[in-house]
Amino acid sequence: MIKQKKIIILGSTGSIGSQTVEVVNKYPKLFKVVGLAANSRFDLLLGQIKKFQPKMICIGPDPTGISAIDHPQAPLKLVRGPGGLKQLASLPGADLVVNALVGAAGMDPTLAAISAGHDVALANKETLVAGGQLVMQAVKRKKVRLLPIDSEHVALHQCLEGRDPATVKNLILTASGGPFRSYSSKQLHSVKARHALNHPTWSMGKKVTIDSATLMNKGLEMIEAHHLFGIPPERIKVVIHPESIIHSMVEFCDGSIIAQLSTPDMRLPIQYALTYPQRLPSLVKDCRLDEQGELTFHKPDRMTFKCLDLAYRAIARNGIIPAVMNAANEVAVEYFLDGRIVFMDIPAVIEKTMSGFPAGRRIDIANITKADSLARTKAEKIITTSFNKK
Ligand code: NAD
Ligand code: MG
């Protein structure tokens, strides 16, 4: 008999969160949802609360949230804000916390979940970009499992399982290249948020969709892979693969490359993380390679899509610099979505924010949080003085 997992879903109404609910609904005997957190689509959250009757929910800062949920009946406990997210993530008795929040705001709840001894299924890559060292140390100390949900890292996890780490030569992350893959810098100057939000192979939340279009997503994923698998950044390569069928690969010392392939559908990596170490039938359409046709591969255009190199630069400097880069990116993406800067300003804002920032020696949560906040202020100042269109 398989033990039922008590799970908490942070960001349950988002792209990853709602697909996590679909996976849970496919295997209702395997999972019991005991906690939910959201800051949007409160009608959806209300439906989830009615269905799962969790012990605790956390509503984000959106002022419409509380009235939408109305007065929750005991025993449902309602918590709020960043403190509430930490409280929910460390709810006693839970087995697994799915972190599908967006941005560095996901780091504290991840650490809270680990401290409470809960396993974590992590979609929130910004957690590892900002605080990878701390998170991995905490995972070791508390002997919990940290499983990625990001499709590339789930692919790598499968390719690496059971292998001798000493035989791994390179990790190869695949990237769709996003909607502007073959654009020149000149063409990129005039693209708008609505064009960037039209991703060719994946349907995702707004922030990660823009990150995919700038290639920052691959930069964040390179840092994520570095922390998860302990491979130095220079041995983590990126290849553009527009069909998104190969989700990533591992190259071994004898020249073999092992890849994981499947239909691009996040419900597969989510299920992998939720049911690990079991492998079960999923909701995902079979991958018919005979119908798929060509699989193609290209080098990324690093001159035009500068964010990828900014990420390599950030992890080379290490310390708090990846957190600074991440914070500047979050600010720049928000301004771009708002139409207040142009697409090509995104890497420029990040580069200027990182420039001159000391990497720091002691890495602790206070330093990372402070760097995150200083970087946001600096990025906003850079935008208002040099880039703002309004
Ligand atoms: P999203 O914007 O669709 O969803 C975010 C969720 O978090 C929403 O439910 C939102 O209401 C909730 N939330 C945000 N702030 C909150 C707060 N303060 N308190 C409580 N809830 C809050 O984002 P997404 O696309 O699902 O992405 C989530 C994470 O997964 C990101 O880190 C992203 O990079 C990563 N990821 C996403 C995909 C994808 O296909 N969407 C794939 C791989 C990795
Ligand atoms: Mg990914």
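These are my notebook entries on a predicted model, taken up site by site.

**Ground rules**

I worked with a predicted model, in which local features need pLDDT of at least 70 and side-chain atom pairs count only at pLDDT 80 or more, while totals for chains, interfaces and linings use all residues. Residues are numbered from 1 along each chain as its sequence is written, chains are lettered from A and ligands numbered from 1 in the order in which they are written, and side-chain values use heavy atoms, with hydrogens and water left out.

Asp150 counts as buried because its relative accessibility is 8%, and Glu152 counts as buried because its relative accessibility is 8%.

**Entry: ligand 1**

Which residues come nearest to ligand 1? Of the 23 residues around it, I listed Thr13, Asn39, Ser40, Glu126 and Gly205 as the nearest, where being near means that a heavy atom of the residue lies within 4 Å of the molecule or strand. By type, the shell divides into 10 nonpolar, 10 polar and 3 charged residues; in this scheme Ala, Val, Leu, Ile, Met, Phe, Trp, Tyr, Cys and Pro count as nonpolar, Asp, Glu, Lys and Arg as charged, and the others, Gly among them, as polar.

I also checked where the shell comes from along the chain. Helices α1 (15-26) and α6 (125-142) each supply at least two of its residues; helices (H or I, at least four residues) and strands (E, at least two) are DSSP runs, numbered from the N terminus. At least three residues are drawn from each of domain 1 (5-148) and domain 2 (150-316), with bounds that come from an automatic or database domain assignment.

For polar contacts I kept to pairs of N or O atoms within 3.5 Å; within protein, one must be able to donate a hydrogen and the other to accept it, and residues adjacent in sequence count only if both atoms are side-chain atoms. An oxygen atom of ligand 1 lies 2.7 Å from an N or O atom in the side chain of Glu126. On the backbone side, I found an oxygen atom of the ligand 2.8 Å from a polar atom of Gly205, and an oxygen atom 3.3 Å from a polar backbone atom of Ala123. Taken alone ligand 1 exposes 830 Å², of which the protein buries 88%; these accessible areas come from the Shrake-Rupley method with a 1.4 Å probe, and for residues only the protein chains shown count as cover.

**Entry: backbone geometry**

Most residues other than glycine have a negative phi, and most peptide bonds are trans. I therefore noted where the model departs from this.

Arg41, in the loop between β2 (31-38) and α2 (42-52), has a positive phi, near 45°, and counts as partly exposed because its relative accessibility is 47%. Gln53, in the loop between α2 and β3 (56-59), also has a positive phi near 45°, and is exposed, with a relative accessible area of 61%. The peptide bond from Tyr276 to Pro277 is cis, with omega near 5°, and Pro277 lies in the loop between α12 (267-275) and α13 (289-292).

Gln271, in helix α12, counts as buried at 3% relative accessibility. Its C-alpha atom is separated by 13 Å from that of Pro28, 243 residues apart along the chain.

Val135, in helix α6, is buried with a relative accessible area of 0%.

Thr263, in the loop between β11 (257-261) and α12, counts as buried at 15%, and a polar atom of its side chain lies 3.4 Å from the backbone oxygen of Asp286.

Note on methods
Buried < 20%, exposed > 50% of the residue type's maximum accessible area, 1.4 Å probe, protein only.
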